[in-house]
Amino acid sequence: MRGTGLVRGIAKPDVIAGGSLLVLGLLYGALALDEGLGTMADSGAGFFPFVVALVLVAASAVVLLQSRRRTPGGLTPPADDEKAGAEGDAEGDAEGEGDGEVRWWRIAGVLAAALLVPAVGDTVGMITTLAISLVLMAKVMGVSRWSSAVIFGFSFGAATWLVFVRWLAVPLPAGMLGLF
Amino acid sequence: MGDAIDNLGAGFAAFADPAYVILALVGVVLGTMVGVLPGIGPIGAMSVLLGMTTQLGPTGSLILFAGIYFGSTYGGSTTSILLNVPGEASSVVTALDGHEMTKRGRAGPALTIAALSSFLAGTIAIFGLMMSAPWLSGMAVKLGPPEYLALCVAGLLLLAALAGGSAAKAIVMICAGLAIGTVGIDPAGGDLRFTMGSPTLAEGFSFIALVMGAFGVAEALTMVGRRWRPKPVKAPRLRELLPSRQESRQAAPAAVRGSVIGFLLGLVPGPAAVLSTFASYVVERKISRNPDKFGKGAVQGVSGPEAANNAAAGAAFVPLLALGIPFAPTMALVLAALLLNGIVPGPTFVEDQPDLFWTVIAAMYIANLMLLVLNLPLVGLFTRLLSIPPQTLMPLVIGLCVVGVYAENNSMFDVVVMLVAGLLGFMLRRAGFSMAPFVLAVVLQPTLEVSLRQTLAFSDGNPGYVLGRPVTMVILGLVVLAVIVSARRALLAGKATRQRPGPVPDERTPTPGA
């Protein structure tokens, strides 16, 4: 069960998510009360949010209860939004899809690289920043050679300029340096 | 009928513009690619492209999205049949018999039967859409706030009850989506709420940013974090594609039945495409003279479900265009694309925008034809996509998402919202929370809130106002029935799990998921 986050029969991700949403629901309900509920015939801005908050708190409480009742050793199956079998199983499947371990450092690295764009995109230039961001993402993802990553990143930058700036005429910031 | 044919002709005539032909082609190719590739589905692909829809215009956007939607169902069945890895949830059933046919050396005929059944179903669904959308629009004019409230509640609750997984978690995500949608301007009163004094939040959170984050970025992060090994694929050659006469005779009636089942189920709220495939499979097995052949390569087990899911895909456009209410998350994105272009679908849509409506009908037919012509000869090429490491593809997806979301409002705040939504979406999905109800709820929030408050205002606290409206009561009755059936099923499943003696937990042996 290594890496599953399972603690004494309680699925940890369920508890964290359910608990957080319950607290957020209570906070949201309090904010909704501030907006004013009005009356049934003349409902205020806070009426609908308050109803939503009530249902959210109740449903989150059910999620927490369900997670505590889970059979010892049971795992939380990840959501299967639209791709059947998109999420990893505890073991790799027969087709060699992969294991269930999450490489958090890769996720952190990719997100940090992506956050470069809102951080410095307006100053340096959107396309240049995006290209650098993709170079870094490619390296985090395991592209071994820097030359390959650079070609990959700057090709994407060039393609973005062609499609978005030239073809669709979307104004992307050129930055203080006047770069793309 | 004559008018419908004339209008359809005008719709086809719009394709004299080569830009629309190119968009249809791009849509079906992209759709097939996302159907084949693991990780990104049609919702992810549509969300990534949502930022471009204002540049494409309403017609171009609908053509592109229709192509992606139909293409993804074709692509999903390809991996189901060849690899026993369903590319889409709606292709799970196809794998049962499709992959068995592959094992018996009949991969080519299985793919051809799937493609032809899908084409037939698409044609039937488009015909159904042509006939039913104008009729439903005429009926919809008579609907009032209570009926729209009932339809929105039905759409959300049925998705929660029938989609599989925990209904409580689905309801939590629905509430999260509704809550996010309330930030900004109160749709009934016009006041600002929950903006914390920030002018940026006065317009609310960008729907594009939320959807791109919850789907595009979250799915990309899921693939980023996993180890990947290439799958060897042997695609059939062109000459191996033809089914035998007997296979064709067995497949055709099943495809027609599947089309009807899929179209009817596609009209109701909930995960219609997935449900229709199961329903078709069950029907085919029940009426078959050789039910024991199912699961071992029965042709009807491929043609029926494939027809059903394609017909459901076409039928899903009916409530969206005629009522303005999306009954599926993919349709929520189509609605978003229309709203971004200033088009509001609903009861007067067919009358106010006949050119757009009939051009989209024609586009769906052309997309189906393109898929039939392209997918079979190019099946080898599409399956080669499976050898592209997702570690190369996913940075591209994230990069496209960043540009796409910025292109909407020229706002770096939206980029940050998208990335945060992506991280939260990834973490919630790992905890078993689906993003599909969240997206549908965000889109439906304004309609739901306005309908609820208007219903309360008109009723003045008198429940007789709602009880006296038969359409509302029928819809709510169906929802209650579906919720009871779903709850009963969950209780029985839970009881069976508790009664069955489980294995003794062992540190070396991971136990299966609950």
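1. Cysteines. The sulfur of Cys152(B) has its closest cysteine sulfur in Cys175(B), at 14 Å, which is too far for a bond. For Cys175(B) the closest cysteine sulfur is in turn that of Cys152(B). A disulfide is a covalent bond between the sulfur atoms of two cysteines; here it is counted as a pair of cysteine sulfur atoms within 2.5 Å. Over all chains the structure holds zero disulfides. Both of these cysteines are buried: Cys152(B) has a relative accessible area of 0%, and Cys175(B) one of 4%. Buried means under 20% relative accessible area, exposed over 50%, and partly exposed in between, with a 1.4 Å probe and protein chains only.

2. Basis of the values. This is a predicted model, in which local features need pLDDT of at least 70 and side-chain atom pairs count only at pLDDT 80 or more, while totals for chains, interfaces and linings use all residues. Side-chain values use heavy atoms, with hydrogens and water left out, residues are numbered from 1 along each chain as its sequence is written, and chains are lettered from A and ligands numbered from 1 in the order in which they are written.

3. Chain A, overall. Chain A has five helices and two strands. Helices (H or I, at least four residues) and strands (E, at least two) are DSSP runs, numbered from the N terminus. Read from the N terminus, the order is β-β-α-α-α-α-α. Of the 180 residues in chain A, 44% are buried.

4. Chain A, domains. Domain 1 of chain A covers 6-69 and domain 2 covers 104-167; such bounds come from an automatic or database domain assignment. Taken over C-alpha atoms, the centres of the two domains are 38 Å apart.

5. Chain A, annotation. An unreviewed UniProt entry annotates residues 15-33, 45-65, 104-137 and 149-169 of chain A as "transmembrane region". UniProt positions are given in the numbering used here, feature names are shortened, and annotations may be inferred rather than shown by experiment. In the model, residues 45-65 of chain A are 90% helix and 0% strand, with end C-alpha atoms 32 Å apart. Residues 104-137 of chain A are 97% helix and 0% strand, and their end C-alpha atoms lie 14 Å apart.

6. Chain B, backbone in one loop. Which phi values deserve a look? Phe194(B) has a positive phi, near 60°, in a residue other than glycine. Met196(B), also not a glycine, has a positive phi of about 55°. Phe194(B) sits in the loop between strand E2 (192-193) and helix H9 (207-224) of chain B, and Met196(B) is found in the loop between E2 and H9. Phe194(B) is buried at 9% relative accessibility, whereas Met196(B) is exposed at 65%.

7. Chain B, a helix pair. Two packed helices are described by the angle between their axes and the distance between the axes. Helix H18 (residues 390-409) and helix H19 (residues 412-430) of chain B have axes that come within 8 Å and cross at roughly 140°. Axes are lines fitted to C-alpha atoms, for helices over the stretch in contact, and angles run from 0 to 180 degrees between N-to-C directions. H18(B) and H19(B) are therefore oblique to each other; angles under 35 degrees count as roughly parallel, over 145 as roughly antiparallel, 65 to 115 as roughly perpendicular, and the rest as oblique.
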